[in-house]
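Have it open while you read.

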Amino acid sequence: MNKNSLYVSLLALAVSAGAVVMANKKCDEKAAPVAGAVSEKEVAAILDNNPQLIVNALQKFEQMQREEEERQAAKLFLENIDELQNDANTPFVGPKDAKVVLVEFFDFNCGYCKRIAGAMEKVVNNNPDVKVVFKPLTFLGSKPIAQAAYAAYEQGKFIEAYKAFLNNPERLDEAKINEIVAGLGLDMDKFKADVNSDKTKEFVEKTARFGNKVQVRGVPSLVLNGKKLNVIDYEGIQAAIDAAK
């Protein structure tokens, strides 16, 4: 919610809360009719005396907004489930037609994505029957890294590149990227040809377009069988996978 929306919502809630309190107050006064409007002064007095009304109402409004955003996200994921889980050019590990599919939207320069890399590695290692799909977004200037990871994928080394890049605490320049991929045993001539190929660039751009299409606004974002997960720790992810099996 942006600042302007917050102010508008707060004002609307203030008026609503004031109207309710004044109506209840008038109803308790047997001889007085219920007023049809609440003045600004009356609202201010009510809020001064009952500040928790606004806190409670605003918390409820924000919760309702989050729930609506989650419903919209779920709808978009399900409407685009095939591209979400089965895009032919998107890196994945595990069985192609697995019953359980976990999709990770992430950014190679995202600190939180680096923190959950270990959890994702455990998920992959402990669930050979689960398909794990990797969709790198480039919110944080990580396009060169995403292209390098995809070039590694062309040589069957995506998961190795994924681990190496996310386990590196530094922001990666071209020299460091090349140093890391060389350590993976890649054919460097092929890598250099693939990293800037039209196919690689189209993959990164297509993934970004898809992220916008399904309204992924932040990373890491995990989607299990078309439903967004609200956990990013290993135990929480594993529990959701176990429930889906």
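## Two helices crossing

Helix H5 (residues 111–126) and helix H11 (residues 234–244) pack at about 35°, their axes 9 Å apart. Axes here are lines fitted to C-alpha atoms, for helices over the stretch in contact, with angles taken from 0 to 180 degrees between N-to-C directions.

On the H5 side, the contact (heavy atoms within 4.5 Å) uses Ala119, Met120, Lys122, Val123 and Asn126, and H11 brings Tyr234, Ile237, Gln238 and Ile241. By class, that's six nonpolar, two polar and one charged residues. Nonpolar covers Ala, Val, Leu, Ile, Met, Phe, Trp, Tyr, Cys and Pro; charged covers Asp, Glu, Lys and Arg; the others, Gly among them, are polar.

## The sheet

Five strands make an open, mixed sheet in the order S1-S3-S2-S4-S5. Strands pair if DSSP finds at least two bridges between them. Helices (H or I, at least four residues) and strands (E, at least two) are DSSP runs, numbered from the N terminus. S1 (92–93) and S5 (227–229) sit at the edges with a single partner strand each, so one side of each has no neighbour in the sheet.

S2 (residues 101–106) and S3 (residues 131–136) run parallel, joined by six bridges. Val103 stands opposite Val133 in S3.

## Helices on the sheet

Helix H7 (residues 158–166) packs on the sheet, touching S1, S2 and S3, with its direction about 45° from that of S2. H11 also packs on the sheet, touching S2, S4 (221–224) and S5, and its direction makes about 15° with that of S4.

## About the model

The model is predicted: local features need pLDDT of at least 70, side-chain atom pairs count only at pLDDT 80 or more, and totals for chains, interfaces and linings use all residues. Residues are numbered from 1 along each chain as its sequence is written, and side-chain values use heavy atoms, leaving out hydrogens and water.
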